[in-house]
Amino acid sequence: MVKFYQQKYAYDYSWGTVSFAFMNRYPNPFATHVLTADTIDHRIDAKTGELHIVRLLRKTNSVPRWAKGIMRGNEAYILEEIVVDAQGNRMVAKTRNITHTRLMKVEEKQTLCADPADNSRTLCKNETSILSNIGYGLNSKIENFSLSRFSDNIAKSRKGMLYVLDLAHRKGLIRARVIADKQEQ
Amino acid sequence: MDSIGDECTPLKHEYDACFNKWYSEKFLNGDSTNECLAVFKKYQACVKKVLQDKGLTKMITDARPAIGSTFGDDQEAK
């Protein structure tokens, strides 16, 4: 059985700024479990002009005590695919775990769009799906554990994003786009 | 942030710097010329070797087409 969760929120930064920060969200003090991040593919779709990025993230695994016996290894690998449509001011990022998949499959999809009513703001939709198929009566335990962690994780990743957004903003890394945004207004 | 392979970290940083400049100054303003290709190729080759040594290549190749498949709906999942 697959469980789905969804959450929506907004950032008070332009889409260009938010999408830039998303690409640069590691490291940050709220994601110390992320050890390494590598871009393994980078291409531009010749037809659509969309940017396609694939990244491999390596994380430490913090699991509850009852799960330690069924999870081998302290590290987890996550694959992330990001598609950026700069014309449409839209970024879609999807992740999936590629290790410990016998225990569970967790996928996340984040959609970042410029707010059509106010282009100094960015709308974010976070969707998560959790599939557990280990059996032994552990499925609901695993899914409930994941559910309780779901909102925690979103809150943490949001704090991390705000940290990176502030940093990028202060460093002027996104000057070009900010100026362009102002000219449009 | 470091690379999965220590030996690839300098190349990763070089690529990241190129990417960020290109993304914010060019790509977001409508120019989609892939300017960081040369450094990316070098970085990619370095990581590829590390992934092979760690036995992760097949896992990644197998998982790639399926990312996001539980959400079904959209065209990006190709």
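A salt bridge here is a side-chain nitrogen of Lys or Arg within 4 Å of a carboxyl oxygen of Asp or Glu. By that rule, the count over all chains comes to 13 salt bridges. The structure is a predicted model, and a few of these pairs make handy entry points into it.

Take Arg121(A) and Asp12(A), whose closest N and O atoms are 3.2 Å apart. Arg121(A) sits in the loop between β6 (104-114) and β7 (122-132) of chain A, while Asp12(A) sits in the loop between β1 (2-11) and α1, so the pair ties together parts that are 109 residues apart in sequence. Arg121(A) is partly exposed, at 28% relative accessible area, and Asp12(A) is exposed, at 58%. A further pair, Arg58(A) and Glu75(A), meets at 2.7 Å, N to O. Arg58(A) counts as buried at 15% relative accessibility, whereas Glu75(A) is partly exposed at 33%. Shared partners also join Asp12(A), Asp115(A) and Arg121(A) into one salt-bridge network.

Zooming out, chain A has four helices and seven strands, running β-α-β-β-α-β-β-β-β-α-α from the N terminus. Of its 185 residues, 51% are buried. Among contacts in chain A between residues at least 6 apart in sequence, 58% join residues at least 24 apart. Helix α1 (residues 15-23) stands out: nine of its nine residues are buried, so the helix is largely enclosed by the rest of the structure. Those buried residues include Trp15(A), Phe20(A), Phe22(A) and Met23(A).

Then there is the meeting of the two chains. The contact draws 40 residues from chain B and 52 residues from chain A. About 4,000 Å² is buried between them, with carbon and sulfur atoms giving 62% of that area. There are 16 residue pairs in polar contact, both residues at pLDDT 80 or more. On the chain B side, the elements giving two or more residues are α1 (9-25), α2 (37-53) and α3 (57-63). The largest share, eight residues, comes from α1(B). Sorted by type, the residues on this side of chain B split into 20 nonpolar, 12 polar and eight charged.

Arg64(B) pairs with Asp41(A), the closest N and O atoms being 3.1 Å apart. The pair runs from the segment after α3 of chain B to strand β2 (residues 34-44) of chain A. Arg64(B) is partly exposed at 30% relative accessible area, while Asp41(A) counts as buried at 15%.

How values were computed: Residues are numbered from 1 along each chain as its sequence is written. Chains are lettered from A and ligands numbered from 1 in the order in which they are written. This is a predicted model: local features need pLDDT of at least 70, side-chain atom pairs count only at pLDDT 80 or more; totals for chains, interfaces and linings use all residues. Side-chain values use heavy atoms; hydrogens and water are left out. Contact means heavy atoms within 4.5 Å. Buried area is the accessible area (1.4 Å probe) that two parts lose on being put together, summed over both. A polar contact is a pair of N or O atoms within 3.5 Å; within protein, one must be able to donate a hydrogen and the other to accept it, and residues adjacent in sequence count only if both atoms are side-chain atoms. Ala, Val, Leu, Ile, Met, Phe, Trp, Tyr, Cys and Pro count as nonpolar, Asp, Glu, Lys and Arg as charged, and the others, Gly among them, as polar. Buried means under 20% relative accessible area, exposed over 50%, partly exposed in between (1.4 Å probe, protein chains only).
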